[in-house]
Amino acid sequence: MIPRLPRHLIHALVTRALDEDLGGRGDITSLATIPADKNANFVIKSRAQGVLAGQQPADASFDLVDPEVSVTWRKHDGDALEPGDVVAIVDGPALGILTAERPALNFLGRMSGIATLTHHYVAAIAGAGAVIAHTRKTTPGLRAVELQAVRAGGGASHRYGLDDAILIKDNHVAVCGGVEEAVKRARAFAGHMTRVAVEVDRLDQLEEALSAGAESVLLDNFSLEDLRAAVLLTDGRAILEASGGVTLDTVHAIADTGVDVISVGALTHSAPNFDLGLDEG
């Protein structure tokens, strides 16, 4: 099941999108051409093959423009889509439907693109035992819905932000003077409920990280040979995450090394838009 996001958060995101699109005067094209009392029936259709995501912000786009607009979903977040599939039926005041059309489709297209790309990565490592996770390389202000889309595509959660886990990166290590010192400082700072992870970019740093108490180790841009060696050396003492330059062409071989997690920034920073349209019903 795809976790639903809080209503107030969705409304805040959608309100900004509507403000951006409507400006100070609103949809002057629809205001000029559509009678206020005219009702209409439209359908949202998929124009490609993929996975749906973005239902919540799309719903809110219509609701915030005109609560009289009714959206009946035929597909839901995480559902597979084929070209021509009816995703939703939209009924009600034509002025409200046409005013909300583009923001709603923008959310659906962006989020379904992320879900679809995530699905391709998950399918590429099927049976390998690893999971595909997102990173923090998200669109500013849209992280919540983008990470929801990753979940819709079958991906796993990473940390949401800077405040929910300690992840010591290479620059932290450089300032502290080494992996061991950085992990020791973090372990002393963190309570028992806070996980400490550390990024290493060389195999010789791994034992240092493990001995200092790291619970997760991010193996940054490791070769396949070094990933396999890291799995043997760690022997279950910590969660191992492979990261850096992961592509659909390389992800299966990375998963076969035995790592636990593969984090992919491309899920959110490079997903192509998914094509959906609003057509008269």
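Reply:

The model is a predicted one, in which local features need pLDDT of at least 70 and side-chain atom pairs count only at pLDDT 80 or more, while totals for chains, interfaces and linings use all residues. Residues are numbered from 1 along each chain as its sequence is written, and side-chain values use heavy atoms, without hydrogens or water. Helices (H or I, at least four residues) and strands (E, at least two) are DSSP runs numbered from the N terminus.

Two packed helices are described by the angle between their axes and the distance between the axes. H7, which covers residues 179-189, packs with H8 at an angle of about 25°, and their axes lie 8 Å apart. H7 is therefore roughly parallel to H8, given that angles under 35 degrees count as roughly parallel, over 145 as roughly antiparallel, 65 to 115 as roughly perpendicular and the rest as oblique. The axes are lines fitted to C-alpha atoms, for helices over the stretch in contact, and the angles run from 0 to 180 degrees between N-to-C directions.

On the H7 side, Val-179, Glu-180 and Val-183 meet Gln-205, Glu-208 and Ala-209 of H8, contact meaning heavy atoms within 4.5 Å. By class, the residues of this contact divide into three nonpolar, one polar and two charged; Ala, Val, Leu, Ile, Met, Phe, Trp, Tyr, Cys and Pro count as nonpolar, Asp, Glu, Lys and Arg as charged, and the others, Gly among them, as polar.

Gln-205 deserves a separate word, being part of H8 (residues 204-211). With a relative accessible area of 9%, Gln-205 is buried, the cut-offs being under 20% for buried, over 50% for exposed and the range in between for partly exposed (1.4 Å probe, protein chains only). When residues up to four places away in sequence are not counted, Gln-205 touches Val-179 and Val-200.

H8 also takes part in the surroundings of helix H9 (residues 224-234), where the buried residues pack against H8, strand E9 (216-220), strand E10 (239-243) and helix H10 (251-255). Within H9, Leu-227, Ala-230 and Thr-234 are buried. These three cover an arc of only 60° around the axis, which places them on the same side of H9; the arc is that of the directions from the helix axis to the C-beta atoms. Glu-225 and Leu-232, on the other side of H9, are exposed. Just after H9, Asp-235 takes a positive phi of about 50°.

For comparison, helix H4 (residues 94-124) packs with helix H5 (residues 143-152) at an angle of about 40°, with their axes 7 Å apart, and H4 and H5 are therefore oblique to each other. The crossing of H4 and H5 is right-handed. Arg-110, Met-111, Ile-114, Ala-115 and Thr-118 of H4 form the contact with Val-145, Glu-146, Ala-149, Val-150 and Ala-152 of H5. Seven nonpolar, one polar and two charged residues make up this contact of H4 with H5.

H1 and H3 form another packed pair, at an angle of about 65° and with their axes 9 Å apart. The crossing of H1 and H3 is right-handed. Ile-10, His-11, Val-14, Thr-15 and Leu-18 of H1 make the contact with Gln-56, Pro-57, Ala-60, Ser-61, Asp-63, Leu-64 and Val-65 of H3, and these residues divide into seven nonpolar, four polar and one charged. Beyond H1, the buried residues of H3 pack against partners that include H4 and H5.

As for the chain that holds these pairs, its secondary structure comes to eleven helices and twelve strands, and its C-alpha trace spans about 70 × 35 × 25 Å along the principal axes. Of its 281 residues, 47% are buried. Among contacts between residues at least 6 apart in sequence, 71% join residues at least 24 apart.

Conventions:
A crossing is left-handed if the near helix is turned anticlockwise from the far one by less than a right angle, and right-handed if clockwise.
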